[in-house]
Amino acid sequence: MEDERRPILPKRRIHGGIDLKSFGSCLKWVCVDHSSLWRAGISWSIFFLFAFGVPVASHFLLSCDSCDENHSRPYHIPAQISLSLFATASFLCLSHWTRKYGLRKFLLIDKLCDASEKVRHKYDDQLQKSMRLFFMIVLLYFTAECVYKIWWYVSGASEIPHFGNLYLSLTVACTLELCSWLYRILLIFLVCILFRLICFLHILRLDDFALVFQRETDVGSILIDHLTVRRNLRTISHRFRSFILFSLILVTASQLSALLMTTRSNAHVNIFKAGELALCSISIVTGLFICLRSGTKVTHKAQSLTALCAKWHVCATMNSFDYTEGETPLAQNSSSQLFSVGAADSESDDESTSRDGDDDDLNDTKLIPIFAHTITFQKRQALVTYLENNKAGITVFGFMLDRTWLHSIFGIQLALLLWLLNKTIGIS
């Protein structure tokens, strides 16, 4: 059985020097290792201990009816439930992905064999940046949780229930709670950062694919490359769609329940009582934000290819003339003229790009140089029509994860928020 399982830690650098050792080590640190039967058993045991065992034991064993108001923890249950459910979804997804695909195939690095050296180099850099971002986010939230937990145990040491030695009992309880919190946010943000990394890879591939419109090519090669892009994005969508949908539903339900509890007429909310709930809410919302933003960016980049192809078609049509065999060649002076116009506009475009770092590089205002022997009008028009009717991008069970979908989500969330506030504090 061990031979059939895929190791999650690569043994060497692959495909142009891309090193996955850091991600493989991170998976082992969070105990998501199913490379053997006994490791899988340890992985599941640690998961149940920190995701459910410690929070449940903390709630019942440290329950204090006689404590002062700041140590009563009225919002402890919803905070732990939402964090544990999000961590459960992350753990199940990571377990399935690493067991079925392995880390290299899951990150689609095996697809980089036909990519350019520039794409491989940038993706390698992004791997390191993603790891730094991952540890920075985890460290930030874990530090905030440490401050809150240490204050809670130190300030309420005389009131919090303990067993045996006071200091040893509270130290062990605090350490277990902090380990449980760290384990769960590691799982959550690891999945989100992996999705962000995969989306960035395809943004690089799309930028590289857009260069076909700046050199002499044919419709067949462009169509094959676009079909490859659509297939890869569909693969990503199928792998992450359940996680994204569950995350969206969970965040919506948890935030509405938290709002309902904190806006009741008899609720007394302050940073001491609701600090952990606020920190938990910010954590899971941040994870969902990373996923939605990454998916939207790669979808917008993929759909921008249609505009780029249409601009390429327009530039070729304006500078073509009829030919007896149906071709539309272009005079050399017209080609150089178009290229000069594009170069003249580059300075202003670079200034606007520097001001808006997230703007789409594919949908700029530069004209595209047309070569001496370009494609026929009918083929170009057919390609534009194909791209208009076969949009690529990240989908969630058929719904395209683009800006329109985000606007719909925002509208639904706002409607639920106003409805709930109307029921609790009487907004009309």
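## K149 and its salt bridge

K149 is buried, at 1% relative accessibility (buried means under 20% relative accessible area, exposed over 50%, partly exposed in between, with a 1.4 Å probe and protein chains only). Its side chain meets that of E276 in a salt bridge, 3.2 Å from N to O (a salt bridge is a side-chain nitrogen of Lys or Arg within 4 Å of a carboxyl oxygen of Asp or Glu). K149 sits in helix α5 (residues 117–155) and E276 in helix α8, so the pair ties together parts that are 127 residues apart in sequence. Helices here are DSSP runs of H or I with at least four residues, strands are runs of E with at least two, and both are numbered from the N terminus. E276 counts as buried too, at 4% relative accessibility.

A word on the ground rules: this is a predicted model, where local features need pLDDT of at least 70, side-chain atom pairs count only at pLDDT 80 or more, and totals for chains, interfaces and linings use all residues. Residues are numbered from 1 along each chain as its sequence is written, and side-chain values use heavy atoms, with hydrogens and water left out.

## The other salt bridges

How many salt bridges does a search of the whole structure find? The count is four. One of them pairs E177 with R73, with the closest N and O atoms 3.6 Å apart. That pair links distant parts of the chain: E177 is in helix α6 (residues 166–209), R73 is in the loop between α2 and α3 (76–100), and they are 104 residues apart. Both ends are tucked away by the numbers, with E177 buried at 6% relative accessibility and R73 buried at 11%.

D207 forms a salt bridge with K301, and here the closest N and O atoms are 3.5 Å apart. D207 counts as partly exposed at 26% relative accessibility, whereas K301 counts as buried at 7%. Salt bridges that share partners also join R73, K149, E177 and E276 into one network.

## The overall layout

The chain has 12 helices and two strands. Along the sequence the pattern runs α-α-α-α-α-α-α-α-α-α-α-β-β-α. Of the 428 residues in the chain, 47% are buried.

T235 belongs to helix α7 (residues 219–262) and is partly exposed, at 27% relative accessibility.

## Helix α8

Helix α8 covers residues 271–318, which is 48 residues, and reaches 65 Å from its first C-alpha to its last. That is close to the 70 Å expected at 1.5 Å a residue (the expected span is 1.5 Å times one less than the number of residues). There's a kink of about 25° in α8, centred on L277; the bend at a residue is the angle between axes fitted to the seven residues ending there and the seven starting there.

## Cysteines

How many disulfides are there? The count comes to zero, a disulfide being a pair of cysteine sulfur atoms within 2.5 Å. C199 is in none, and the nearest cysteine sulfur, that of C291, is 8.4 Å away. C199 is buried at 2% relative accessible area, and C309 is buried at 0%.

Over on the surface, V56, F60, L61 and F163 form a nonpolar patch, with about 450 Å² of accessible area together. Patches are made of residues with over 30% relative accessible area and no salt bridge, with like charges joined within 9 Å and nonpolar side chains (Val, Leu, Ile, Met, Phe, Trp, Tyr) within 5 Å. The areas come from the Shrake-Rupley method with a 1.4 Å probe; for residues, only the protein chains shown count as cover. F60 is in helix α2 (residues 37–61) and counts as exposed, at 62% relative accessibility.

Where is F397? F397 is in the loop between β1 (395–396) and β2 (399–400). Its phi is near 55°, a positive value in a residue other than glycine. F397 is partly exposed, with a relative accessible area of 42%.
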